[in-house]
Amino acid sequence: MQHSIITLALLFTSFLFAQTSNEITTINGQTVTVSLINASSDAGTINYAFYDKDSFMKSAPLFTRVGKIIEGKSTVVFENVPSGEYAIICYHDANSNERMDFMDNGMPQEDFGTSNNALNFGPPNYEDSKFEVKQEALTLEIKF
């Protein structure tokens with residue numbers, strides 16, 4: 001349990017560092033549109049992180065986006081995504097402090113979700129969250 005809490009904390013602090021990192025771009029990449037459809041309120045933002053298998057919860061995401069919430073829904077677009085296998089993690093930064101908040105016992109105070117809407121007890125899992133970008137635009141929905 002303690003390992004899971006530490007892993008979650010490291011994951012969500014990587015969102016902060018990723019906001020200032022350079023993003024990978026290609027000339028012929030695809031567009032991936034991601035919508036979070038069930039935010040509990042319109043307060044704050046939804047922060048999205050786009051990973052490949054090697055970077056998933058280990059280093060800064062390949063791409064990041066911050067989306068506004070309107071009527072419980074937030075949508076962002078990732079452009080120039082090379083073909084390949086990826087996973088997305090997002091969380092509701094309800095208090096706009098640019099980090100995931102946790103209770104004293106290590107449980108998240110803010111909602112989070114992953115691509116494929118994998119329901120795990122503990123930190124997100126790449127194998128359950130992965131999806132494939134091929135030669136056409138892709139649209140994903142994430143639920144908390």
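**Stop one: a serine in a loop**

Select Ser55: it is buried, with a relative accessible area of 5% (buried means under 20%, using a 1.4 Å probe and protein chains only). Before going on, note that this is a predicted model, where local features need pLDDT of at least 70, side-chain atom pairs count only at pLDDT 80 or more, and totals for chains, interfaces and linings use all residues. Residues are numbered from 1 along each chain as its sequence is written, and side-chain values use heavy atoms, with hydrogens and water left out.

Ser55 sits in the loop between strand 2 and strand 3 (63-68); strands are DSSP E runs of at least two residues, numbered from the N terminus. Now show the side chain of Asp52: a polar contact of 2.9 Å links it to the side chain of Ser55 (a pair of N or O atoms within 3.5 Å, one able to donate a hydrogen and the other to accept it; residues adjacent in sequence count only if both atoms are side-chain atoms).

**Stop two: the cores**

Next, pick Val32, Val34, Tyr48, Phe50, Phe78, Val81 and Ile88, the residues with the most contacts inside the largest nonpolar core, which has 20 residues. Such a core is a set of buried Ala, Val, Leu, Ile, Met, Phe, Trp, Tyr and Cys residues joined through side-chain atoms within 4.5 Å. A second, separate core of seven residues includes Tyr51, Phe56, Met57 and Tyr126.

Terms used. Buried < 20%, exposed > 50% of the residue type's maximum accessible area, 1.4 Å probe, protein only. Helix = DSSP H or I, 4+ residues; strand = E, 2+ residues; numbered from the N terminus.
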